[in-house]
Amino acid sequence: MPRPLRRFTRLATVFAFAALAVILGTSTASAHGFSSVVYADVTSPGSGQVRAELGLEYDLLVVSVADAEHDDPLFKQGTAAFDAHDSAAQAKALEDHSAAVIKYVTERFHVTTESPCAPTKDGGFRMEQREGVPYALLDLDYRCGSADAHEVRSALFPDAEGYVRDTKTVVTYDLDLTSGSAALDAHQPSFSTQQSFGERFWEFFRLGAEHLLTGLDHILFLLALIAGSRRLREIVLAATTFTLAHSVTFVLAALGLVTVPAAIIEPLIALSIAVVAAWPLWRLWRRKVNGIEDDLTGEGHFSLDRTGWIRLAVVFCFGLCHGLGFASALGIDTAWSWTLLWSLLVFNVGIETVQLAIIAIVFPLLVLIRRRANFAPQWMTGVIAAGVSVMGLTWFVERIAAG
């Protein structure tokens, strides 16, 4: 192929990939925005009694109840209160339509022993903010017969309603002389207080793995790390730095020492994708314009040059932001939440396992292609970096606008 035509083909491919990134970014701008998390704290105040404090996303609760119970006045009143950002009006809207709300919730959230426990509403609705999103708090008292074990089942906000997908119900419990946490979804809708350690471990391990696999922004960040790494040592150090960074914010969030609104964290995660992906583009530009070659021999620890150390520092800073994003998936925002801390660590193991699997698959393929063609290293790195960077910038702008 003639050299001008080859250059044109490469340039066209880069722009095509970038255009595709814009389209994908527009359709998936909120990588976590199509799912919802229900929070349930289940305790036993006395014999034969179970108390459940539920945290439900307010606007989703309003539209789901209005649709399921054919309550148009709730939709109008609740939506007006949501648009006005008026917490008192939001609680009043739910209270005015309490019968419909309680019917919807209790038909989808159950506590059972050998037979279903009878629920009653205790107190009024309250409002709070979780990651910048209004949540309605509802207390339910369940009267149960004497039993050694309880089962909790949740089918709140199912995919069939069409409003969200893959709803998670994160449960913390102190029942039957045992305490712990569980993650419920359509694949695992219930748990028993007699579940084994292995079952509890698997629930949160799977939740962490699914969170990374379904979180396109986190996958693209990892892809940007891989594309910008010249040697296996670099990707291992970058991935380890990323892991350490988000583990730090995991723990800090679990201890209640750090709370950052989602309106800040989500745009920063998007920006991190753009910056890390643009790093190899900057390196290629520096080599092309200034004739500066990368120092692959490196000096000092880990044989990294100055550019390599700066990149690790950038990855660490952005890893802190991703850690807060991961923590928000489990609602880790309560001070000294040791019960959920163990679950969060298992959740982290699931994330890391998938992360290592992606690296093990993608990086060897990248190395193989680089060795097979003379022009492939720069061309392929540029295509991947440009596309991922454009997508990250698109998300950043849209999340700023949405915030």
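Tutor: The accessible surface of the protein chain comes to about 19,000 Å², and 63% of that belongs to carbon and sulfur atoms; such areas come from the Shrake-Rupley method with a 1.4 Å probe, and for residues only the protein chains shown count as cover. This is a predicted model, in which local features need pLDDT of at least 70 and side-chain atom pairs count only at pLDDT 80 or more, while totals for chains, interfaces and linings use all residues. Residues are numbered from 1 along each chain as its sequence is written, and side-chain values use heavy atoms, with hydrogens and water left out.

Of the 403 residues in the protein chain, 49% are buried, meaning under 20% relative accessible area, with a 1.4 Å probe and protein chains only.

Now to the part itself, arginine 108. This residue sits in the loop between helix 5 (98–106) and strand 3 (109–112); helices (H or I, at least four residues) and strands (E, at least two) are DSSP runs, numbered from the N terminus. Arginine 108 has a relative accessible area of 17%, so it is buried. Its side chain reaches the backbone oxygen of tyrosine 104 at 2.9 Å. Leaving aside neighbours within four places in sequence, arginine 108 is in contact (heavy atoms within 4.5 Å) with Ala68, Arg153, Ser154, Ala155, Leu156 and Glu161.

Methods:
Buried means under 20% relative accessible area, exposed over 50%, partly exposed in between (1.4 Å probe, protein chains only). A polar contact is a pair of N or O atoms within 3.5 Å; within protein, one must be able to donate a hydrogen and the other to accept it, and residues adjacent in sequence count only if both atoms are side-chain atoms.
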